[in-house]
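Dear colleague,

I am passing on the structure below, followed by my notes on what was found in it. Please read the notes with the structure open beside them.

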Amino acid sequence: MDNLTHSLVGALIGQAGLKKKTGLAMPALIIGANLPDVDAACLFWLEGVEHLGFRRGITHGPPALVMLPLILAGLLYAYDKWQAGRGKRPAARLPVSFKWLFLLSFIGCLTHPALDWLNVYGIRLLEPFSSQWFYGDTLFIIDIWLWVLLGFATWFSLRREKRGGEWKQPAKLALSIAGIYIALQGFITGNAERGVTGSPTGTEIVIASPPPLWSWKRDMITGGNGLYTLGEDTTFPGVPLDRCDLERARASDSQIDAFLFWARTPYIVPEEDGTLWLRDARFSDPRATGRFEVRLPSDICEGVKTELSGGNSG
């Protein structure tokens, strides 16, 4: 999920009452809820789409979900001591407990992979023990309705607290409603995927992908072997993957290797200019395609003719 959603979840957990457990509880919860995304730093040293093979992996796995909260708690605890030593510690801050800082950072970190699992992008929950991807297919990566619910509830809870009213209950209620909303979205996805009985390209893979705004609808992706159909009548241009020497391509290009490691529904598009492009059907929208594609060697697919680029070849 996006970092605003992660932050709002951390903030609401604090507003539900946990922020009173120790000083600096809110930073522990909010930073902790975003901390696994420290892997985004890989964009500074990896080129092109290589980051796809690194993101949502090692920093989202079990060891990191223990070590990252430990590091965060240590930094916050040291910050409190540093402020106290300089005479800059706010008088209104609660006493700081390292135990509670760690527990709250840990809770915040746990919410991160739980939310990331909910979309079609996927997450490697067991790294470094297993590189298997897991997919929830439940929420779009940015869910505007969760933004509205969580954002309003956070504002309302803070406003009530400032005015001396009951401020924990609105946060608890919002978290409960969010849980019900997510469960409902999961039911919609499961029902849509179970309803697929066949498609022109086969049903080796069935994905009910939530759209950006209309969360009660699903974009159905079905198919396999590099041939996929969106809905009932939109077939992605491509060639069967078994006609292409992708292992040779992976061995010769780290970006192709990273893309195929990440891809869930890879397909190959021969363009009119003679180039071959590897894409993923989950991100076929023109607004996303440019960020989720990699060029293949022109001789990688046997017998592919560029004049067939307007439709499936085979």
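Contact here means heavy atoms within 4.5 Å. This is a predicted model, in which local features need pLDDT of at least 70 and side-chain atom pairs count only at pLDDT 80 or more, while totals for chains, interfaces and linings use all residues. Residues are numbered from 1 along each chain as its sequence is written, and side-chain values use heavy atoms, with hydrogens and water left out.

Leaving aside residues up to four places away in sequence, Leu146 touches Met1, Leu139, Gly151, Ala178 and Tyr181. Leu146 is also among the residues with the most contacts inside the largest nonpolar core, which has 31 residues. A nonpolar core is a set of buried Ala, Val, Leu, Ile, Met, Phe, Trp, Tyr and Cys residues joined through side-chain atoms within 4.5 Å; buried means under 20% relative accessible area, exposed over 50%, and partly exposed in between, with a 1.4 Å probe and protein chains only. The elements that give two or more residues to this core are helices H1 (3–15), H2 (25–34), H3 (62–85), H4 (98–116), H5 (144–162) and H6 (168–194), and H3 gives the most, with 6 residues. Helices (H or I, at least four residues) and strands (E, at least two) are DSSP runs, numbered from the N terminus. A second, separate core of 23 residues includes Val49, Leu241, Phe283 and Phe292.

Tyr181, which lies in helix H6, is buried, with a relative accessible area of 17%. Again not counting residues up to four places away in sequence, Tyr181 touches Leu139, Asp143, Trp145, Leu146 and Ser215. With Ser215 there is a polar contact between the two side chains, at 3.0 Å; the term covers a pair of N or O atoms within 3.5 Å, where within protein one must be able to donate a hydrogen and the other to accept it, and residues adjacent in sequence count only if both atoms are side-chain atoms.

An unreviewed UniProt entry places the feature "transmembrane region" at residues 58–79, 100–118 and 138–158; such annotations may be inferred rather than shown by experiment. In the model, residues 58–79 are 82% helix and 0% strand, with the end C-alpha atoms 27 Å apart, and residues 100–118 are 89% helix and 0% strand, with the end C-alpha atoms 28 Å apart.

Turning to the sheets, two strands pair if DSSP finds at least two bridges between them. An open sheet of 4 strands has the order S1-S2-S3-S4, with antiparallel pairing. Strands S1 (205–209) and S4 (234–235) stand at its edges, each with a single partner strand, so one side of each is left without a neighbour in the sheet. S1 and S2 pair over 5 bridges, with Ile221 in S2 as the bridge partner of Ile207, and 4 bridges join S2 to S3. In the hairpin of S2 and S3, which has 2 residues between the strands, Asn225 takes a positive phi near 55 degrees. S2 is mostly covered, as 5 of its 6 residues are buried.

The other open sheet described here has 3 strands in the order S5-S6-S7, also with antiparallel pairing. S5 is joined to strand S6 (residues 276–280) by 5 bridges, and within this pair Trp277 in S6 is the bridge partner of Val269.

With best regards
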